[in-house]
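Good morning, and thank you for coming.

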Amino acid sequence: MPMELRSDRLAVFVAVVDAQGFSRGAKRLSLSQSSVSQTISALERDCGSPLLTRRGRGIELTELGALVCETARRVAAELSRGRDRIADAEGLAAGRCLVGCSDTIALYVLPPILRQFRRAYPGVELSLDHRPSPAVAQRVARRELDIGVVSLPLPSDEETQDLLQVTLVEEEVVAIFPRRHPLALNARVSLGEVAAHPLLLLNRSTGLRQCLDNYWHAVGVVPKVAMELGSIEVVKRLVALGFGASLVPRMAVRSADGVVARRLRSPGVSRHIGIVLPKVPSRAATALAEMLRSRFLKAQARRQ
């Protein structure tokens with residue numbers, strides 16, 4: 001028959017051994033002596049052999065009893081450590097938070113938030129997973145990530161349709177050109193004008209690229225795609241070197257990048273930065289989401 005070592009019986013057994021007697025062990029546990037005796041008898045039946053022998057007013061462990069007692073102490077120690085870890089996690093004194101985001105968001109959005117989170121919860125381990133927004137959302141849906149900071153809206157996908165989505169801020173998309181590009185002289189440009197020139201675009205796995213393709217398809221425009229790339233930083237570098245134009249989030253463009261940024265004439269591309277969470281998020285993910293929401297609300301209030 002299988003041996004059943006229940007933790008409650010092991011705890012009674014250790015108390016009896018430490019107290020060197022059934023009555024003293026029962027008193028230590030605030031149980032009746034008969035209840036303690038029945039528990040030890042049940043444990044011995046499970047083990048198939050006596051664990052204790054009486055010696056005068058005390059007790060003595062059998063060979064099997066010594067082995068069970070050693071095992072019981074290890075079990076008790078592990079249970080105690082487990083309770084401590086659970087308590088720490090509930091108070092965010094420990095644990096782990098797996099965050100998914102695109103390279104652009106990792107570079108231009110998350111650093112100050114992650115610094116704030118680390119200061120507030122130094123015991124929580126943060127881990128970043130860099131992927132395009134649609135792939136991040138899929139990983140959150142599979143519970144492979146705790147939270148995703150993504151570009152919204154996401155492509156229609158049955159796997160991600162039940163995720164909690166929180167919009168944080170509008171993400172303006174701008175056109176960027178080499179300094180001597182003919183469209184760089186315009187104050188604003190249209191998506192149709194940009195599409196007629198050689199373009200360096202993010203690959204089709206990204207949310208921004210899918211959004212652009214959907215727009216051009218809807219208006220019957222075929223963009224002149226010269227190159228597809230996986231990184232906005234590489235895109236910017238190649239645009240600066242004169243390989244073509246591109247469309248990127250405004251937050252990713254700085255004056256030192258060697259490119260000219262121009263705003264889009266209406267209609268442009270509407271994108272937002274937001275959060276995706278599973279329906280029952282972890283405490284760490286909830287805390288990080290609240291920090292993100294609070295920070296963007298404050299930034300919006302300052303702009304107003």
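This is a predicted model: local features need pLDDT of at least 70, side-chain atom pairs count only at pLDDT 80 or more; totals for chains, interfaces and linings use all residues.

I begin with the contact between two helices, where Arg9, Leu10, Val12, Phe13 and Val16 in helix 1 meet Val36, Thr39, Ile40, Ala42, Leu43 and Asp46 in helix 3; contact here means heavy atoms within 4.5 Å. By class, the residues of this contact are 8 nonpolar, 1 polar and 2 charged. In that scheme Ala, Val, Leu, Ile, Met, Phe, Trp, Tyr, Cys and Pro are nonpolar, Asp, Glu, Lys and Arg are charged, and the others, Gly among them, are polar.

Residues are numbered from 1 along each chain as its sequence is written, and side-chain values use heavy atoms, with hydrogens and water left out. Helices (H or I, at least four residues) and strands (E, at least two) are DSSP runs, numbered from the N terminus.

Now the geometry. Helix 1, residues 7-19, and helix 3, residues 33-47, pack at an angle of about 115°, and their axes are 9 Å apart. Axes are lines fitted to C-alpha atoms, for helices over the stretch in contact, and angles run from 0 to 180 degrees between N-to-C directions. Helix 1 is thus roughly perpendicular to helix 3; angles under 35 degrees count as roughly parallel, over 145 as roughly antiparallel, 65 to 115 as roughly perpendicular and the rest as oblique. The crossing of this pair is left-handed, meaning that the near helix is turned anticlockwise from the far one by less than a right angle, whereas clockwise would be right-handed.

Helix 1 also packs against helix 2, residues 22-29, at about 120° and with the axes 8 Å apart. These two helices are therefore oblique to each other, and helix 1 passes helix 2 in a right-handed crossing. On the helix 1 side the contact involves Val12, Ala15, Val16, Asp18 and Ala19, and on the helix 2 side Phe22, Arg24, Gly25, Arg28 and Leu29. This contact has 6 nonpolar, 1 polar and 3 charged residues.

I turn to helix 7, residues 133-141, whose buried residues are Ser133, Pro134, Val136, Ala137, Arg139 and Val140. Buried means under 20% relative accessible area, exposed over 50%, and partly exposed in between, with a 1.4 Å probe and protein chains only. The buried residues of helix 7 pack against strand 3, strand 4, strand 5, helix 9 and strand 12. After helix 7 comes Arg143, with a positive phi near 65°.

Which residues does Thr160 contact, leaving aside its neighbours within four places in sequence? They are Ala137, Gln138, Ala141 and Gln165. Thr160 lies in the loop between strand 5 and strand 6, and counts as buried at 5% relative accessibility.

Ile105, in helix 5, counts as buried at 1% relative accessibility. Its C-alpha atom is separated by 9.7 Å from that of Ser133, 28 residues apart along the chain.

Finally, helix 10, residues 232-240, has Ile232, Val235, Lys236, Leu238 and Val239 as its buried residues. Their cover includes helix 5, strand 6, strand 8, strand 9 and strand 10. Helix 10 is followed by Gly242, whose phi is positive, near 95°.
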